[in-house]
Amino acid sequence: MSRKKKKIRASFRKNREVRTRENDLTRSFGESDAEDHLKAERISGKGSLSRKRTVAGGELIEDEAGSYILPDVDTTICREGRVLRVQGLVSIVRDDQGQQFRCATRRLLKTLSTDQRHVVAAGDHVWFRPEGDGEGIIERVEPRHGLLSRTSRGRQHVLVANVDQMIIVASAAEPRIKPNLIDRYLLTAEKTEIRPVVCINKIDLLDPAELMPLVGVYSQLGYQVLLVSATTGQNVAQLRALLSDRNSVLTGQSGVGKSSLLNAIEPGLGLRVQTVSAESQKGRHTTTTAELFPLECGGHVIDTPGIRQFQLWDVIPEEVAGFFRELRPYVSQCRFPDCTHTHEAFCAVKDAVADNRLDFRRYESYMQIQAGDEV
Ligand SMILES: Nc1nc2c(ncn2[C@@H]2O[C@H](COP(=O)(O)OP(=O)(O)OP(=O)(O)O)[C@@H](O)[C@H]2O)c(=O)[nH]1
Ligand SMILES: [Zn+2]
């Protein structure tokens with residue numbers, strides 16, 4: 001038998017052992033107590049579960065060679081899906097045919113997670129076992145990338161997983177453009193390593209030439225900028241093309257036209273988002289709920305109240321310069337290693353601003369964010 005086959009066999013065996021153990025405990029102690037016993041065994045290092053570990057919301061099993069591998073999922077029964085939203089203990093999962101299931105999370109996944117409430121997050125790719133009548137059990141959570149999370153009381157709470165793109169919506173006028181706010185969202189995108197697109201809406205309200213200096217600065221930094229109008233439809237096709245087959249989070253202050261843009265892309269979509277947002281606002285965890293909305297052109301948008309204003313939750317002042325792309329090459333050249341680039345002498349950043357190698361307005365943004373000023 002090849003090494004690989006042996007490895008797979010071993011993992012199946014191990015997984016079976018774990019399931020059997022879980023079932024035995026459930027039979028002996030009842031469901032709720034079994035959970036505690038499983039946990040106790042894991043902590044004490046006794047029992048078959050001591051060789052399991054939870055990573056990125058999924059579980060791994062240590063095989064005989066000592067490496068961790070994902071446990072098997074019975075692919076003849078289980079289906080792949082995407083978590084659209086999480087409501088308390090129930091996750092709404094959509095399979096690739098577009099059918100939605102109300103899923104609970106497998107007890108073992110929950111038991112072994114460090115944060116039971118957040119084993120599954122909106123945006124997760126999961127394997128689930130359909131249980132008839134539109135219900136199911138989530139058996140496995142695939143590894144994540146592109147996370148929007150917030151830290152509260154020292155714990156990381158994932159708000160959305162597997163986001164590829166952040167559409168930073170601003171408006172050319174009404175409300176007037178706030179470059180500092182765009183910079184704050186860009187910083188969030190840099191921190192989360194999610195690709196940002198600056199989307200300036202309502203360009204029907206002014207001569208686009210007025211925006212060129214600002215657009216020039218962002219383009220030079222390598223950020224994509226799109227000028228659009230939900231009202232006239234200008235460049236809406238380009239925005240639709242950018243959204244298709246991706247998972248995009250929409251951010252931007254109130255009134256810039258996010259809902260109008262969604263409606264221009266897909267009639268009724270903005271309305272659907274708003275209805276659900278209003279509902280979720282009544283819920284307890286208003287600020288942390290997120291929902292994925294499937295797009296007809298493929299992909300999803302995430303546009304939920306708590307996420308729209310998502311910014312800077314976890315950024316500490318010392319980190320800020322590192323998230324301003326253009327400052328990075330200079331920071332190592334400052335005289336003092338702990339230079340904040342605000343008041344110090346022999347500061348390479350300030351020198352670069354003084355002789356126009358760095359944009360003064362972006363530097364002002366840096367100063368404000370670094371100082372913790374409100375927008
Ligand atoms: N002139 C002009 N007005 C627009 C455009 N897009 C949106 N508006 C108007 O701007 C206002 C706000 O638009 P919304 O789509 O509700 O903005 P929003 O960003 O979803 O706002 P919130 O839901 O409060 O976050 C509405 O009166 C729209 O008609 C545009 O391209 N041009
Ligand atoms: Zn400096």
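**A buried strand and its surroundings**

Strand S11 (residues 165-171) is largely enclosed by the rest of the structure, because seven of its seven residues are buried. Buried here means that 20 or more other C-beta atoms lie within 10 Å of a residue's own. The model is a predicted one.

Both faces of S11 are covered. On one side sit Gln 165, Ile 167, Val 169 and Ser 171, all of them buried. For the protein as a whole, buried residues make up 35% of the 375 residues.

S11 runs parallel to strand S12 (residues 195-201), and seven bridges join the two. One pair to look for is Ile 168 with its bridge partner in S12, Val 198. S11 also pairs with strand S14 (residues 247-251), again in the parallel sense, over four bridges. Here Ile 167 stands opposite Leu 250 of S14.

The protein is divided into domain 1 (3-69), domain 2 (79-144), domain 3 (165-308) and domain 4 (317-370). The C-alpha centres of domain 3 and domain 4 are 28 Å apart. Nine residues from domain 3 and ten residues from domain 4 take part in the contact. On the domain 3 side, H4 supplies the largest share, with seven residues. The residues on that side of domain 3 divide into four nonpolar, one polar and four charged.

Now turn to ligand 1. It is surrounded by 14 residues. The closest are Ser 254, Gly 257, Lys 258, Ser 259 and Ser 260. Which helix gives the most to this shell? Helix H7 (residues 258-265) does, with three residues. By type, the shell around ligand 1 has eight polar residues, three nonpolar and three charged.

Step back to the whole protein. There are 13 helices and 16 strands. Take the contacts between residues at least 6 apart in sequence: 63% of them join residues at least 24 apart. The pairing of S11 (residues 165-171) with S14 (residues 247-251) can be read against that figure.

Definitions and conventions: Residues are numbered from 1 along each chain as its sequence is written. Chains are lettered from A and ligands numbered from 1 in the order in which they are written. This is a predicted model: local features need pLDDT of at least 70, side-chain atom pairs count only at pLDDT 80 or more; totals for chains, interfaces and linings use all residues. Domain bounds come from an automatic or database domain assignment. Two residues are in contact if their C-beta atoms, placed from the backbone, lie within 7 Å. Ala, Val, Leu, Ile, Met, Phe, Trp, Tyr, Cys and Pro count as nonpolar, Asp, Glu, Lys and Arg as charged, and the others, Gly among them, as polar. A residue is near a molecule or strand if its C-beta atom, placed from the backbone, lies within 6 Å of it. A residue is buried if 20 or more other C-beta atoms lie within 10 Å of its own, exposed if 12 or fewer, and partly exposed in between; C-beta atoms are placed from the backbone. Two strands pair if DSSP finds at least two bridges between them.
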